[in-house]
Amino acid sequence: MQQTGPRQQALETPRAAGLAGVVFALLLTAAIVLVRLGIPEGVDAVTAQGFTDAGRREAVGWALDLIPFAGIFFLWFLGAVRAHVGEVEDRFLATVLLGSGLIFTASMFAAAAAAAAVLAVGHVAGTTPAPVAWDFGRHFAYTLLTGYAMRMAAVFVSSLSVIGHRLGVLPRWLTALGALTALTLLFFSSNVPWAELVFPAWSLVLSVYILVSRRAGPRARAAT
């Protein structure tokens, strides 16, 4: 008779974390790309008059539909990772990991709400947004996304990399990649357009590694 219990659940947790991380990475990448295309940032960004274009509005609308699901899968990914680490985790780093993950999710949702305000506040569909509402909504959304959410993502990446290194569950190359990702998000996400894409890219690499290592583990034990 096959046994079930905490030990078996612990073995299943990495798979849940890997799958949730892959879905989160793909959803967040799609949302960021759509927002960047729909509401460009910078001096040469589209003006309020240009945002009456149906394609831009539709791109932002799709991004706003994807972000809540990205947040849900990120929370699932966070919970599955913490459950896998379990009682051996460093309490300080675990608190930083959990706090940064929750603040990242809240900031991402707030950025989405600000982008939604660009669509809805001060004008009806098909008309030109008021310049004040347009500038406020656009800058507020990007400040939340690149200035706050991505810096919390940097803390999340660095703390998870340190935990993985201390417990020996992540290889050196992956912890080094985490350090580079954290530095990029900390110092370049606010100034370099598209730099925020390194976070879902890192999440995808980590998730694929979790899935691959989980498959390789039973094979290696069977061979011995």
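**View 1. The face of α5 turned away from its buried side carries Arg-172, Leu-180 and Phe-187.** These three residues are exposed (over 50% relative accessible area; buried is under 20%, and partly exposed lies in between, with a 1.4 Å probe and protein chains only). The model is a predicted one, in which local features need pLDDT of at least 70, side-chain atom pairs count only at pLDDT 80 or more, and totals for chains, interfaces and linings use all residues. Residues are numbered from 1 along each chain as its sequence is written, and side-chain values use heavy atoms, with hydrogens and water left out.

**View 2. Helix α5 covers residues 172-187.** Its 16 residues reach 23 Å from the first C-alpha to the last, close to the 22 Å expected (1.5 Å times one less than the number of residues). Helices are DSSP runs of H or I with at least four residues, strands are runs of E with at least two, and both are numbered from the N terminus. Leu-174, Thr-175, Gly-178, Thr-181, Ala-182 and Leu-185 are buried in α5. Seen down the axis, the buried residues fall within an arc of 115°, so they line one face of the helix (the arc is that of the directions from the helix axis to the C-beta atoms).

**View 3. A nonpolar surface patch includes Leu-183 and Val-192.** Patch residues have over 30% relative accessible area and no salt bridge; nonpolar side chains (Val, Leu, Ile, Met, Phe, Trp, Tyr) are joined within 5 Å, and like charges within 9 Å. A salt bridge is a side-chain nitrogen of Lys or Arg within 4 Å of a carboxyl oxygen of Asp or Glu. Leu-183 lies in α5 and is partly exposed, with a relative accessible area of 44%.

**View 4. Val-192 and Trp-194 sit in the loop between α5 and α6.** Helix α6 is made of residues 198-223. Val-192 is partly exposed, at 38% relative accessible area. Trp-194 is also partly exposed, at 36%. Phi of Trp-194 is near 75°, a positive value in a residue other than glycine.

**View 5. The chain around these details has six helices and zero strands.** Of its 224 residues, 42% are buried. The chain exposes about 11900 Å², of which carbon and sulfur atoms supply 67%.

Technical notes. Areas by Shrake-Rupley, 256 points an atom, 1.4 Å probe, with all protein chains shown as cover.
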